[in-house]
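The sequence and structure come first, followed by notes grouped by topic.

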Amino acid sequence: MKLLLVGATGLVGSHVLRVALMDRRVDRLIAPVRRALPEHPRLFAPVVDFDSLPEDPAWWQADAVICALGTTMRTAGSKQAFRRVDHGYPLAVAKLARQHGTRTFVLNSAIGANPTSHIFYNRVKGEVEQELTGMGFRSLTFARPGLIGGKRDEFRPAERIAAEALR
Ligand SMILES: NC(=O)c1ccc[n+]([C@@H]2O[C@H](COP(=O)([O-])OP(=O)(O)OC[C@H]3O[C@@H](n4cnc5c(N)ncnc54)[C@H](OP(=O)(O)O)[C@@H]3O)[C@@H](O)[C@H]2O)c1
């Protein structure tokens with residue numbers, strides 16, 4: 001199986017990457033990233049600019065895409081910048097993959113995703129789900145986790161407080 005993973009350097013994506021590389025059913029893992037990943041014989045991880053993704057069919061023709069891209073409002077700096085990463089990039093990847101015949105797409109979305117929500121984050125997540133639904137994938141999966149615990153280099157005070165409160 002050829003798997004395309006975006007967000008492979010993140011908390012969720014790095015777990016997906018590790019599990020996928022241990023899984024012998026995955027012959028080839030394509031993981032476009034903006035910062036390089038350690039090499040692995042079955043991994044092709046080109047460094048790309050997500051604002052202008054290359055259109056090389058050899059990348060986008062996959063058996064399945066897993067999308068774990070995302071940022072936070074704090075890191076992005078504005079609603080517009082957040083939306084570009086959490087909405088624009090997943091849809092750009094989905095469009096290229098679909099154009100090149102990929103029929104299965106999995107999005108790591110979020111609990112509360114709802115295109116009519118008054119909460120901006122939930123609305124953006126809901127809008128991505130809604131637009132993906134109209135793209136003609138044969139199999140489309142939305143994982144909607146709540147807060148995910150785990151070690152990360154970046155300091156996220158709000159998430160840390162929420163994780164403590166929810167423990
Ligand atoms: N963590 C949670 O508690 C949680 C809960 C519910 C839903 N989610 C959702 O699940 C998804 C993954 O979450 P996560 O915690 O794994 O996120 P994360 O650790 O912040 O990783 C996000 C991934 O997106 C990439 N990315 C961010 N900004 C980018 C940009 N401008 N250009 C290119 N790549 C960019 C990151 O690349 P770099 O490594 O280069 O920054 C990284 O690979 C997100 O959509 C998030 O909203 C997360």
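Which helices each supply at least two residues of the shell around the ligand? They are H1 (11-22), H4 (79-99) and H5 (120-133), where helices are DSSP runs of H or I with at least four residues, numbered from the N terminus. The model is predicted: local features need pLDDT of at least 70, side-chain atom pairs count only at pLDDT 80 or more, and totals for chains, interfaces and linings use all residues. Residues are numbered from 1 along each chain as its sequence is written, and side-chain values use heavy atoms, with hydrogens and water left out.

**Ligand shell**
- The ligand is surrounded by 26 residues, each with a heavy atom within 4 Å of it.
- The closest of these are Thr9, Leu69, Asn108, Ile148 and Arg156.
- With three residues, H4 gives the most to the shell.

- A polar side-chain atom of arginine 34 is 2.8 Å from a ligand oxygen atom.
- For tyrosine 121, a side-chain N or O atom lies 2.9 Å from an oxygen atom of the ligand.
- Glycine 10 uses a polar backbone atom, 3.2 Å from a ligand oxygen atom.

**Leucine 53**
- Leucine 53 sits in the loop between strand S3 (43-44) and helix H2 (57-60); strands are DSSP runs of E with at least two residues.
- Leucine 53 counts as buried because its relative accessibility is 13%, and buried means under 20% relative accessible area (1.4 Å probe, protein chains only).
- Beyond neighbours within four places in sequence, leucine 53 contacts Val48, Trp60, Ala92, Val93 and Leu96, contact meaning heavy atoms within 4.5 Å.

Methods: A polar contact is a pair of N or O atoms within 3.5 Å; within protein, one must be able to donate a hydrogen and the other to accept it, and residues adjacent in sequence count only if both atoms are side-chain atoms. Buried means under 20% relative accessible area, exposed over 50%, partly exposed in between (1.4 Å probe, protein chains only).
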